[in-house]
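Please read them alongside the coordinates.

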Amino acid sequence: MKNFFANLMMAISCGTCYGQDAGTFELMKLPYAPDALEPHISRQTIELHHGKHLSTYVHNLNKMVAGTELANRRLPEIVASAQGALFNNAGQVLNHNLYFLQFSPNGGGTPTKEIADAIKRRWGNFEVFKKDFEEQCMRVFGSGWVWLAEDEEGELHIMQTVNAGNPVTRGMIPLLGFDVWEHAYYTDYQNRRADHIAALWNIVDWEVVNCRYVR
Ligand code: MN
């Protein structure tokens, strides 16, 4: 990849432009109704997760970045270079923008187009990939994320990040991210993280994942 940030900006703008603009960040608008992902994610969870958790991260990010040397940088650039509380809030804004945009009530099924071929090349078939991804989700201790990410050679990886971490900090482009913080599933699934993770495959929008994938 010749220009990591150019590719990254292109990847995260898939569907909408969230994350591209510098300056004051806004709460991303969901591309579906709050109850559209039921029964896999309930309206109540969407309203809490997007309307409360993400909204707070956006508010904190704007407050913390103002007046710093990163004030006029784009979101992924802030995530790539910030530390401490600013990193945590910027990271969670980027993570959740990617998260909410990758789902659709018309999603699910098996991967399509180029990402289907790339998954097949790396894992043999989708079922092996899914099993590996789900195992990584179960292994996260505490709060974190599991990602399908693309390295600078265009190779795919499944990776865990703790707390607000994103593949961006390791020079990789995030293609698909599952949130394994308890706030993502506790209302609907209580402690049954595995059931929540298994349900998410029903709403993954592979068109968006394909759009993020830099060929
Ligand atoms: Mn979350």
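1. K113 is part of helix 5, where helices are DSSP runs of H or I with at least four residues, strands are DSSP runs of E with at least two, and both are numbered from the N terminus. Leaving aside neighbours within four places in sequence, K113 is in contact with E207 and N210; contact means heavy atoms within 4.5 Å. The C-alpha atoms of K113 and M64 are separated by 40 Å, with the two residues 49 apart along the chain.

2. On provenance: this is a predicted model, in which local features need pLDDT of at least 70 and side-chain atom pairs count only at pLDDT 80 or more, while totals for chains, interfaces and linings use all residues. Residues are numbered from 1 along each chain as its sequence is written, and side-chain values use heavy atoms, with hydrogens and water left out.

3. K113 also forms a salt bridge with E207, with the closest N and O atoms 3.1 Å apart. The pair ties together parts that are 94 residues apart in sequence, because E207 lies in helix 9 (residues 206-212) and K113 in helix 5. The rule for a salt bridge is a side-chain nitrogen of Lys or Arg within 4 Å of a carboxyl oxygen of Asp or Glu. E207 is partly exposed, at a relative accessible area of 41%; on this scale buried is under 20% relative accessible area, exposed is over 50%, and partly exposed is in between (1.4 Å probe, protein chains only).

4. How many salt bridges does the rule give? The count is eight. One of these joins the side chains of E77 and R73, at 3.8 Å from N to O. E77 counts as buried at 15% relative accessibility, whereas R73 counts as partly exposed at 35%. Another salt bridge pairs D195 with R192, the closest N and O atoms being 3.2 Å apart. Here D195 is partly exposed at 38% relative accessibility, and R192 is partly exposed at 36%. D35, R43 and E47 are linked in a network of salt bridges.

5. The protein is divided into domain 1 (2-25 + 42-101) and domain 2 (113-213), with bounds that come from an automatic or database domain assignment. The C-alpha centres of the two domains lie 18 Å apart. Domain 1 gives 25 residues to the contact, and domain 2 gives 25 residues. About 2,100 Å² is buried between domain 1 and domain 2, of which carbon and sulfur atoms give 65%; buried area is the accessible area (1.4 Å probe) that two parts lose on being put together, summed over both. Between domain 1 and domain 2 the count of salt bridges is zero.

6. S104 is found in the loop between helix 4 (84-101) and helix 5 (113-123). Is S104 buried or exposed? S104 is buried, with a relative accessible area of 12%. Not counting residues up to four places away in sequence, S104 touches L37, I203 and D205.

7. Strand 1 (residues 144-150) has seven of its seven residues buried. G144, V146, L148 and E150 point one way, while W145, W147 and A149 point the other way. In a regular strand the side chains alternate between the two faces of the sheet.

8. Strand 1 runs antiparallel to strand 2 (residues 156-162), and seven bridges join them; strands pair if DSSP finds at least two bridges between them. V146 has Q160 as its bridge partner in strand 2. The two strands form a hairpin with five residues between them, and G154 in the turn has a positive phi of about 85 degrees. Strand 1 is also antiparallel to strand 3 (residues 173-179), through six bridges. W145 stands opposite D179 in strand 3.
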